[in-house]
Amino acid sequence: MASIAVQIVTYNSADYIADCLNSVILQSYPVEKIIVIDNDSNDCIKDVVSHYSNVYFVQNSINSGFVGGHNQGLNYAKTDYVLVLNPDVILDKYYIEHIIKFMQLNEKVGAATGKLYRDLDSYIIDSTGINIKKSRRAVDRGSGEVDQGQYDDMINVFGVSGAAAVYKREMIDMISEDGRFFDESFFAYKEDVDVSWRARLAGWEICFVPKAIAQHERGWKDNKSRKDISLKTRKHSYINRHFYIIKNDNIFYFLLHFPFIFIYEASCLVYILLKERKLFYAYKLLFIEYKSLKNKKAFIQSYRKAPSKKIYQYFKGIW
């Protein structure tokens, strides 16, 4: 039987973590290790997790972001598969079982996710994988739609949301650089897009398994102001799209799709100018990281196997 570890990175997540952990513990498929990496929370997360004797808890003294925390977690268990899980996700009892069985039967699949609901009672979808547009904007497939069976087919998708993604250890090792699976330049947000793109370049398939069900309560709620989110996080949420373009894009397809990229970029700049001028400082991050990103692109090309045509078949739509 293939082994799996579940790892969760928390930051002031005390209100969610118990429900999340309970759903992991109740999985029909045996979980070898449950790891919680806390990024210097100032709530009672440690007290909540201490009630779970079967959870390996790591308390960090700094906030290393979603990315740094999960890279840290990957060192604590060398299982065949790893479920990267957000603390505000509640898994159906058979979530892991459905995905592992599918991945075991399909050895070329390096990552998979299930059907995540924003509101399970109302059947409002949160994500059924990641789609990517010609503008290079990545979106959660089906987000905000009412589930009427339109996403009941098991299919290949461009990528999977890091909220509840199962990754194959062989794939993790293959595309990791200096032992880091997630690119720590990203800190948080869109690192799952980057990983998905890199995995596809390496020749791995990425799939959506509809029978695997979970509920995900987004950290950025509809009724929550963007001002409640730290400027650092908002800057990364914006500029990280540029990061994964620099690292993974093909110059021919970039130029082919440039009109769409330009229109989207111009729209973003108008929004920043009118609404969030402080986001202009995000371009400083791009300047600082540019050389490193180009070096990472060279590393990605060293293990690349998939032809461009196979990658860019997933780039559909404009907005």
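User: How do the residues lining the second largest pocket divide into nonpolar, polar and charged?

Analyst: The lining divides into 7 nonpolar, 2 polar and 5 charged residues, where Ala, Val, Leu, Ile, Met, Phe, Trp, Tyr, Cys and Pro count as nonpolar, Asp, Glu, Lys and Arg as charged, and the others, Gly among them, as polar. This is a predicted model, in which local features need pLDDT of at least 70 and side-chain atom pairs pLDDT 80 or more, while totals for chains, interfaces and linings use all residues. Residues are numbered from 1 along each chain as its sequence is written, and side-chain values use heavy atoms, with hydrogens and water left out.

User: How much space lies in that second largest pocket?

Analyst: About 300 Å³, a volume being the space filled by probe spheres set on grid points that are joined across faces, edges and corners. A pocket here is an open set of points on a 1 Å grid over the protein atoms alone, where a 1.4 Å probe fits, with protein on both sides within 12 Å along at least five of seven lines, and lining residues have an atom within 4 Å of a point.

User: Which residues are the closest to its centre?

Analyst: Of the 14 lining residues, the closest to the centre are His242, Ile245, Ile246, Asp249 and Phe254.

User: Switching to charges, how many salt bridges are there?

Analyst: The count comes to 14 salt bridges, each being a side-chain nitrogen of Lys or Arg within 4 Å of a carboxyl oxygen of Asp or Glu.

User: What does Asp183 pair with?

Analyst: Asp183 meets Lys296 in a salt bridge, at 2.6 Å from N to O. Asp183 lies in the loop between helix H5 (169-175) and helix H6 (191-201) and Lys296 in helix H10 (residues 282-303), so this pair ties together parts 113 residues apart in sequence; helices are DSSP runs of H or I with at least four residues, strands are E runs of at least two, and both are numbered from the N terminus. Salt bridges that share partners join Asp183, Asp194, Arg198, Lys247 and Lys296 into one network.

User: Are Asp183 and Lys296 buried or exposed?

Analyst: Asp183 is buried, with a relative accessible area of 5%, and Lys296 is buried at 15%; buried means under 20%, exposed over 50% and partly exposed in between, with a 1.4 Å probe and protein chains only.
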